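Hi,

Here is the model I promised to pass on. Please open it alongside this message.

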Amino acid sequence: MKIEESNIVETNDYRVIIYPASRPFTAKESKIIAEKLYDFLGDWAAHGKELSSSFKIEKNQFIIICVDEEKEVASGCSIDALGKVMRELDAEFQLGLFDRMKASYVENGEVKTLKLSEFKSKIRSGELSKDIEVFDFSKNTYLDFLSHFLQPFARSWAASIS
């Protein structure tokens, strides 16, 4: 099974929910995550109406969930159900999926994650080069995700760190 593949259509109306892990997934974890998400998303519904959704595992560390809200809008209850599944995965593998006080970046071709305070400190001290690329977990449409999820430091949210 190839995990990275999905049937995501490039449309700005696809809602994106990003779950960033604090570390890369093992092969076993990726397989279990994919299986659980296939099962959950296959039956995911809002007020009894099926949600057209898909997922991908990006850079072996970020779970990207997409919902086609042109067909049906994800309700609060459906988002809560997704959150429950993600919390179960987070607890099972200690992934830090809900820790938003971290920064992930690419340095020398490798994805790295630091606590946000440590990331800021290393930027300010010059210990971390500004030649890095930085991930932005705030993207909420698929097109925005495609074009802005990973940005050069100078064009990223991190450029404002002084």
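This is a predicted model: local features need pLDDT of at least 70, side-chain atom pairs count only at pLDDT 80 or more; totals for chains, interfaces and linings use all residues.

Residues are numbered from 1 along each chain as its sequence is written, and side-chain values use heavy atoms, with hydrogens and water left out.

Three strands make an open, antiparallel sheet in the order β1-β5-β4 (strands are DSSP runs of E, at least two residues; helices are runs of H or I, at least four; both are numbered from the N terminus). Its edge strands are β1 and β4 (53–58), each pairing on one side only (two strands pair if DSSP finds at least two bridges between them). β4 and β5 are joined by six bridges, and Ser54 has Cys66 in β5 as its bridge partner.

Helix α2 (residues 76–93) has 18 residues and should span 26 Å at 1.5 Å a residue, which agrees with its end C-alpha atoms being 26 Å apart (the expected span is 1.5 Å times one less than the number of residues). Buried residues of α2 include Leu82, Val85, Met86, Leu89 and Phe93, while the face turned away from the buried side carries the exposed Cys77 and Asp80 (buried is under 20% relative accessible area, exposed over 50%, partly exposed in between, with a 1.4 Å probe and protein chains only). The buried residues of α2 pack against β1 (14–20), α1 (27–43), β2 (45–46) and β5 (62–68) (contact means heavy atoms within 4.5 Å). Just after α2, Gln94 takes a positive phi of about 55°.

Best wishes
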